[in-house]
Amino acid sequence: SSVLTSLKLVHLRSLLAAIGANTGGTKPILISRLGQQLPLSKLQFHQDQQSSRTRILSLDMGIKNLAFCVCDVSTPALSSNRVPANNQSHNSLLESTEHRPGPQWTLAVQAWKRVSLMDLSPTSASPKDNSTDPEAIDPFHPRELSRLAYNLATDILLPYSADTILIERQRFRSGGAAAVQEWTVRVNMLESMLWAVLRTLEADSKNASGMGTSFPAVWDVSPARVGTFWVHGSGNGNRDSSIPTTRKVDKRDKIDFLRRWIANPERTIDLRFGREVESLRDAFIQDNHPKRRATAARRDIGKLDDLADCLLQAAAWVQWEANRQLISEMQVE
C-alpha cells in the first residue's frame, strides 16, 4: 500500500506492535510483514446480523501451576469508525490504534482457573523415594507427561468448545542465564507434547468426519510481547509513567495492570465476568489500599500472576485483532 510505504520506520514498528507482530527488521521487511499480517484474521467468528462472536481459550503453561481462561468475545458486525482513505494523513493509521471511542469489543470471562496437572497423574509417590524404581514413579518421565498432555487436551481444554486456543510460548532460559533449568525443560516438554496431541486430534477428527469438521485454531503467544504491549505499549491507554519503558515487565506489573483495568474498565475492550469467576475478579481488586497492598503483595502474587497472564494474553489477542481490522479498513483505497 502507498500509505505503508510513506510511513517512517518507527511508525511501521508501532503498527506491527499494535497487531502483535514481530517488529524487527528493515523497512522493506516491515512493510512486507504488514502486508502479510493485515489480511490474516487469527480469530474464527460466528456472524449474525448484529454481531460477530467467538470463543477463546487462553492457556498459561505450567505443570503445578497451569492457568487458563475461557472468554466469549463479541463485536459489532460492521465498524462505525472507518476513516475514508482520502482523509488519511501519514500518521493516521498509527493514531487510529491509540485514539478509539468507547468499548466496542466485549470479552466475557466464563471460566478462569488454576490447575495442578500433578492431580491428574496416577503417579503420586516422590521420585526421590529410593525404596522403589525411580523411573517407574517419576511424574516427569516422558511417559507420564505424555499422558498428562493428552488428559489436559481431552478432559480440560477441548470440552469448552473454543474456536481458538492460545498457548503461552515457553522460554528456554530464565533471566538470560546460560544454564537451562530442569523445570524449564519439563514445561517445554509438556508444551511440545500438547501441541502434538492437539495436532493429532485435529487430523483424526478430519479423517473421521471429513474436512468440514470444526476444530479450534491453535496459536502460540509470546508472553514478553503481551506484557510489553499492555504495560508499556499502545494497548495501555493509561500507562503508568512510573514504570520506565526500558525496564522488563515483571509479574507484579501485570497483576497491577489487570487490577487497574478491572477497577476502571474504560478501555476499547469491555471486560466482563461471569458468576463462576466473580470471586477471582474480587481477588484482584481487594487489598487495593497502598498500605495493605504492601503486605498483600507477597501473599497474592503466587496466586494471581498465572491468572493474570492467561487473561491478559486473551485480551491482547482480541485487541490485536481489533487493531488489525481497523488498520486494514483504513488502508483500503
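1. A starting definition: rings of Phe, Tyr and Trp (its six-membered ring) pair if their centres lie within 6.5 Å, with planes under 30 degrees apart counted as stacked, over 60 as edge-to-face and the rest as tilted. By this rule there are 11 aromatic pairs, and ring pairs join Trp219, Phe229, Trp230, Phe257, Trp261, Trp317 and Trp320 into a cluster.

2. A word on the basis: this is a predicted model, where local features need pLDDT of at least 70, side-chain atom pairs count only at pLDDT 80 or more, and totals for chains, interfaces and linings use all residues. Residues are numbered from 1 along each chain as its sequence is written, and side-chain values use heavy atoms, leaving out hydrogens and water.

3. Overall, you will find 11 helices and 7 strands (DSSP runs numbered from the N terminus: H or I of at least four residues, E of at least two). Of the 333 residues, 46% are buried, meaning under 20% relative accessible area with a 1.4 Å probe, protein chains only.

4. Now for one ring pair: the centres of Trp112 and Phe284 are 5.2 Å apart and their planes at 5°, so this pair is stacked. Trp112 sits in strand 4 (residues 105–115) and Phe284 in helix 10 (residues 278–285), so the pair ties together parts 172 residues apart in sequence. Both Trp112 and Phe284 are buried.

5. Within the cluster, Phe257 and Trp261 have ring centres 6.1 Å apart and planes at 70°, so they are edge-to-face. These two residues are 4 positions apart in helix 9 (residues 251–263), about one helical turn. Phe257 and Trp261 are both buried.

Methods. Buried means under 20% relative accessible area, exposed over 50%, partly exposed in between (1.4 Å probe, protein chains only).
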